[in-house]
Amino acid sequence: MNKTFETLDDFLGTHFIYTYDNGWEYEWYAKNDHTVDYRIHGGMVAGRWVKDQEANIVMLTPGIYKVAWTEPTGTDVALDFVPNEKKLNGTIFFPKWVQEHPEITVTFQNDHIDLMEESREKYATYPKLVVPEFANITYMGDAGQNNEDVISEAPYEGLPSDIRAGKYFDENYHRINK
Ligand SMILES: C=Cc1ccc(O)cc1
């Protein structure tokens, strides 16, 4: 993709893969103006994936976007995308329990919302682990809004490479070999 991002509409429907400077690899989709989907390929909670997380998504100035949300785990996230420079800055605020028991969160969260809410009550919240990092965007795709094929299966080794190699989506941005 080599479009220039100018409006909020340019951003909505975009699918990103990026690697934080600490090595953590994330895949994230601006599904619509209030919803995000994502998959985590590397880092403390690699293997986790989430659909239909409600988020606040705004354009700060042409081509620069801020996204923020709070999760059923109690994790808070704030992302600032500068897609024209293939960069973003993200801060993740993990409750202590996620740092101590990351394995509880490494799943398809949508099927285990009750477990996340029980765990956030059962285990410690503080002190939080704050992870502020820049990331380099390694892939951008124009998936269109509300495309359920973008994030539709668990992360597997090599998935980001398959996407970057053009082996994962067809010309209509539907998953191949579904
Ligand atoms: C905890 C979720 C999360 C999703 C995307 C991202 O870049 C950072 C955190």
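In this predicted model, the shell around the ligand is formed by Tyr18, Tyr20, Tyr26, Trp28, Tyr38, Trp69, Glu71, Val77, Leu79 and Ile92. Taken alone, the ligand exposes 280 Å², and the protein buries 99% of that area. The ligand sits in the largest cavity, and the elements that give two or more residues to the shell around it are β1 (14–20), β2 (25–32) and β7 (76–82).

**Ligand surroundings**

- Sorted by class, the shell around the ligand holds nine nonpolar residues and one charged residue, with no polar residues.
- An N or O atom in the side chain of Tyr18 is 2.5 Å from an oxygen atom of the ligand, and a polar side-chain atom of Tyr20 likewise lies 2.5 Å from a ligand oxygen atom.
- Both Tyr18 and Tyr20 are among the residues that surround the ligand, and each of these two separations falls within the 3.5 Å cut-off that is applied to a polar contact between N or O atoms.

**Aromatic pairs**

- A pair of aromatic rings is described by the distance of the centres and the angle of the planes.
- With ring centres required to lie within 6.5 Å, the count comes to 17 aromatic pairs.
- One of these is the pair of Trp49 and Phe108, whose centres are 4.0 Å apart and whose planes make an angle of 25 degrees; because planes under 30 degrees apart count as stacked, this pair is classed as stacked.
- Trp49 belongs to strand β4 (residues 49–54), whereas Phe108 lies in the loop between α3 (102–105) and α4 (113–122), so the pair ties together parts that are 59 residues apart in sequence.

**Backbone geometry**

- Most residues other than glycine have a negative phi, and most peptide bonds are trans.
- Asp52, which is found in strand β4, has a positive phi of about 60 degrees although it is not a glycine.
- Tyr126 and Pro127 are joined by a cis peptide bond with an omega of about -5 degrees, and Pro127 lies in the loop between α4 and β9 (129–142).

Technical notes: Residues are numbered from 1 along each chain as its sequence is written. This is a predicted model: local features need pLDDT of at least 70, side-chain atom pairs count only at pLDDT 80 or more; totals for chains, interfaces and linings use all residues. Side-chain values use heavy atoms; hydrogens and water are left out. A residue is near a molecule or strand if one of its heavy atoms lies within 4 Å of it. A polar contact is a pair of N or O atoms within 3.5 Å; within protein, one must be able to donate a hydrogen and the other to accept it, and residues adjacent in sequence count only if both atoms are side-chain atoms. Accessible areas come from the Shrake-Rupley method with a 1.4 Å probe; for residues, only the protein chains shown count as cover. On a 1 Å grid over the protein atoms alone, a cavity is a set of points where a 1.4 Å probe fits but cannot get out, and a pocket is an open set with protein on both sides within 12 Å along at least five of seven lines; lining residues have an atom within 4 Å of a point. A molecule sits in a cavity or pocket if more than half of its atoms lie within 2 Å of its grid points. Helices (H or I, at least four residues) and strands (E, at least two) are DSSP runs, numbered from the N terminus. Ala, Val, Leu, Ile, Met, Phe, Trp, Tyr, Cys and Pro count as nonpolar, Asp, Glu, Lys and Arg as charged, and the others, Gly among them, as polar. Rings of Phe, Tyr and Trp (its six-membered ring) pair if their centres lie within 6.5 Å; planes under 30 degrees apart count as stacked, over 60 as edge-to-face and the rest as tilted.
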